[in-house]
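Visitor: I have a new model open and I'd like to learn how to read it. Could you walk me through a few features?
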Number of protein chains: 2
Amino acid sequence: MTALTTAVQPIRWTGESLQLLDQRKLPTEVTYVECRDAADVSRAIRDMIVRGAPAIGVSAAFGLAMAWRRGDDVRRAAADLRSARPTAVNLGWAIDRMLAAAERGEDLAREAQRMFDEDIESNRRIGRNGAALIGNRATLLTHCNAGALATAGYGTALGVIRAAVEAGKSIAVFADETRPYLQGARLTAWELQQDGIDVTLITDSMAGHFFQQGQFDGVIVGADRIAANGDTANKIGTYTIAVLASAHGVPFYVAAPWSTVDIHCASGAAIPIEERSAKEVVEISGTRVAPEGISVRHPAFDVTPARLITAIITDRGVLRAPYDESIRKMSDE
Amino acid sequence: MTALTTAVQPIRWTGESLQLLDQRKLPTEVTYVECRDAADVSRAIRDMIVRGAPAIGVSAAFGLAMAWRRGDDVRRAAADLRSARPTAVNLGWAIDRMLAAAERGEDLAREAQRMFDEDIESNRRIGRNGAALIGNRATLLTHCNAGALATAGYGTALGVIRAAVEAGKSIAVFADETRPYLQGARLTAWELQQDGIDVTLITDSMAGHFFQQGQFDGVIVGADRIAANGDTANKIGTYTIAVLASAHGVPFYVAAPWSTVDIHCASGAAIPIEERSAKEVVEISGTRVAPEGISVRHPAFDVTPARLITAIITDRGVLRAPYDESIRKMSDE
């Protein structure tokens with residue numbers, strides 16, 4: 001992996017190698033890391049150079065394309081990539097699709113490029129479907145980064161916001177900083193600022209206060225995995241916001257591509273929750289903020305039960321409760 | 001103000017000057033700042049060298065004692081100190097008490113020392129009153145630092161935890177980090193670790209997840225001001241936790257000295273909420289974590305409505321709903 005310097009897209013395929021925007025360095029540095037084989041991509045996913053369920057899936061697809069081109073063992077590369085992040089379902093979905101294409105003897109580089117293009121098209125459909133639910137003047141709270149940076153481009157939750165702005169609506173966004181990894185402060189604030197969308201940064205702890213003040217017309221977040229009953233795993237902190245939204249009668253929307261729905265997963269209880277290192281909690285940008293030897297918990301995701309979700313906005317359409325029925329119906333389409 | 005180096009108490013009166021443990025440098029450095037007049041103390045309060053409503057009140061009292069000793073204008077010093085932090089009521093209470101003592105011609109250094117001693121005794125009473133409410137085996141969530149570091153010593157919320165441990169109860173504490181100022185990570189985690197009390201650090205965003213997992217038997221926090229109807233101002237993020245506790249049927253306790261009750265303040269709506277600088281949100285330990293030019297909100301406190309509070313534990317006794325009645329009754333005692 002070598003570092004290049006340039007502009008804005010999160011994932012760039014040169015035809016030979018994969019260039020990933022190093023999201024650990026945003027917003028202070030815009031730097032790309034070059035991945036030349038599947039092991040590079042796997043490492044980039046584990047190290048969170050690339051993050052966000054759809055972006056991880058597309059990156060893994062290009063990783064397998066490179067393994068295939070180089071004559072490496074594609075199945076072994078697939079197993080390594082699959083274990084890089086356990087919670088996101090898109091990763092497994094993308095890998096399965098690539099393995100199926102390999103069995104059919106297809107060109108895996110073309111298949112990965114198709115997935116890239118489809119992801120952006122899917123986000124634009126999510127955006128259109130979601131924008132219809134947003135009022136002409138609205139302040140929306142978002143958590144983590146479900147933006148262009150989390151996808152091949154455009155974004156899921158932030159895709160809905162972009163589509164609403166493109167439709168001429170007056171949208172203000174509150175982004176919470178999303179500790180411990182600060183995706184809200186580092187990525188969402190930066191990404192919306194780049195697009196000239198009105199964004200205000202708060203800490204996670206402030207969300208309740210602004211709900212109490214009646215600041216929010218809605219909440220919109222992404223998803224890492226949606227169970228067959230609508231329970232949704234997303235970045236740690238999402239559940240707290242869903243409880244607050246419910247307590248204040250504010251709509252809570254999840255925006256995600258259909259590939260995030262795991263119909264084989266009956267409910268949130270079956271979703272594995274990745275526990276990440278204590279270091280990401282006790283060190284911020286290399287500075288220690290807690291005493292040595294302290295016990296730390298760091299679940300990276302939580303599960304929001306379907307009953308707290310007003311609607312799930314997908315590229316296939318908008319799902320409403322009862323989700324077990326609406327998801328089953330949409331999966332048959 | 002000059003810096004000394006030594007051990008653990010937050011506030012030390014040498015008989016001549018006030019030594020304040022520099023809480024901005026914990027947990028990595030244990031350093032005292034020496035204040036030689038009221039202006040030094042006012043600056044220390046504004047800069048958050050000393051923080052926590054009771055500790056601020058006691059520090060201000062020593063500031064006025066030094067003004068009196070030096071022959072400075074005590075009323076002018078009082079006005080300057082009063083404006084140092086607007087939300088905490090103890091500050092105004094302590095200043096009023098010192099001004100009354102000055103009018104009576106008393107020795108202000110002795111009066112300040114009395115307030116210091118009374119604060120610790122008050123905390124021990126809060127501890128005993130609160131410990132009776134805690135089960136023999138309990139995991140408690142706390143927010144910010146309402147500990148020895150926030151008082152003359154022992155603590156309010158952490159005083160209850162200390163008293164429960166002293167009573168032989170098996171107590172585990174979850175401390176949330178309390179962004180933006182990280183009082184939980186830097187102060188509460190350190191303080192409980194020093195005392196050998198079982199403490200686990202989480203980010204604010206994780207609280208909901210652990211409520212959902214049934215991890216908590218109770219929540220205990222301090223207070224900066226309690227209105228006559230029981231509405232309680234405390235560190236930003238407290239309200240979010242109160243909503244979560246209510247949604248999960250977990251008791252939510254406030255622990256504070258009676259001097260925190262502002263019977264002239266009808267409800268939370270009348271409590272001024274300090275808005276602090278954006279810098280504390282976008283910079284952590286001097287490292288920038290958000291893009292330049294981003295809009296930021298930073299209310300330093302929020303108000304938890306009385307209906308979400310299971311009990312308010314004071315040195316005079318335990319208050320229960322309806323709080324307007326129980327507070328009125330206790331203020332007559």
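Visitor: How do the axes of helix α1 and helix α3 of chain A cross?

Guide: Two packed helices are described by two things, the angle between their axes and the distance between the axes. In this predicted model, local features need pLDDT of at least 70, side-chain atom pairs count only at pLDDT 80 or more, and totals for chains, interfaces and linings use all residues. Residues are numbered from 1 along each chain as its sequence is written, chains are lettered from A and ligands numbered from 1 in the order in which they are written, and side-chain values use heavy atoms, with hydrogens and water left out. Now the case: the axes of α1 (residues 38–46) and α3 (residues 74–82) of chain A come within 9 Å and cross at roughly 5 degrees. Axes here are lines fitted to C-alpha atoms, for helices over the stretch in contact, and angles run from 0 to 180 degrees between N-to-C directions. Helices (H or I, at least four residues) and strands (E, at least two) are DSSP runs, numbered from the N terminus. So α1(A) and α3(A) are roughly parallel; angles under 35 degrees count as roughly parallel, over 145 as roughly antiparallel, 65 to 115 as roughly perpendicular and the rest as oblique.

Visitor: Which residues make the contact between α1(A) and α3(A)?

Guide: Contact means heavy atoms within 4.5 Å. From α1(A) come Ala38(A), Ala39(A), Val41(A), Ser42(A), Ile45(A) and Arg46(A), and from α3(A) come Ala77(A), Asp80(A) and Leu81(A). By type, they divide into 6 nonpolar, 1 polar and 2 charged.

Visitor: Is Ala60(A) buried or exposed?

Guide: Buried means under 20% relative accessible area, exposed over 50%, and partly exposed in between (1.4 Å probe, protein chains only). Ala60(A), in helix α2 (residues 53–70) of chain A, is buried, because its relative accessible area is 0%. Not counting residues up to four places away in sequence, Ala60(A) touches Val41(A), Ile45(A), Leu81(A), Leu91(A) and Ile95(A). Take Val41(A): it is 19 residues from Ala60(A) along the chain, yet their C-alpha atoms are separated by 6.6 Å.

Visitor: Over in chain B, how do the axes of α2 and α3 cross?

Guide: Those of α2 (residues 53–70) and α3 (residues 74–82) of chain B come within 9 Å and cross at roughly 155 degrees. That makes α2(B) roughly antiparallel to α3(B). Ala60(B), Leu64(B), Ala67(B) and Trp68(B) of α2(B) meet Val74(B), Ala77(B), Ala78(B) and Leu81(B) of α3(B). The split by type is 8 nonpolar, no polar and no charged.

Visitor: What does the side chain of Ser205(A) reach?

Guide: A polar contact is a pair of N or O atoms within 3.5 Å; within protein, one must be able to donate a hydrogen and the other to accept it, and residues adjacent in sequence count only if both atoms are side-chain atoms. The side chain of Ser205(A) reaches the backbone oxygen of Arg179(B) at 3.1 Å. Another polar contact, of 2.8 Å, joins the side chains of Ser205(A) and Thr203(A). Ser205(A) sits in the loop between β7 (198–202) and α8 (207–212) of chain A and counts as buried at 3% relative accessibility.

Visitor: And where is Thr151(B)?

Guide: Thr151(B) is in the loop between β5 (137–142) and α6 (157–166) of chain B, and at 0% relative accessibility it counts as buried. A polar atom of its side chain lies 3.2 Å from the backbone oxygen of Gly147(B) and 3.0 Å from the backbone nitrogen of Gly153(B).

Visitor: What about the backbone: which peptide bond is cis at Pro180(B)?

Guide: The one from Arg179(B) to Pro180(B), with omega near 5 degrees. A cis peptide bond also joins Leu26(B) and Pro27(B), where omega is about 0 degrees. Pro27(B) lies in the loop between β3 (18–21) and β4 (31–35) of chain B.

Visitor: What is phi of Met48(B)?

Guide: Near 65 degrees, a positive value in a residue other than glycine. Met48(B) counts as buried at 2% relative accessibility. Cys144(B), not a glycine either, has a positive phi of about 60 degrees.

Note on methods:
Nonpolar A, V, L, I, M, F, W, Y, C, P; charged D, E, K, R; others polar.
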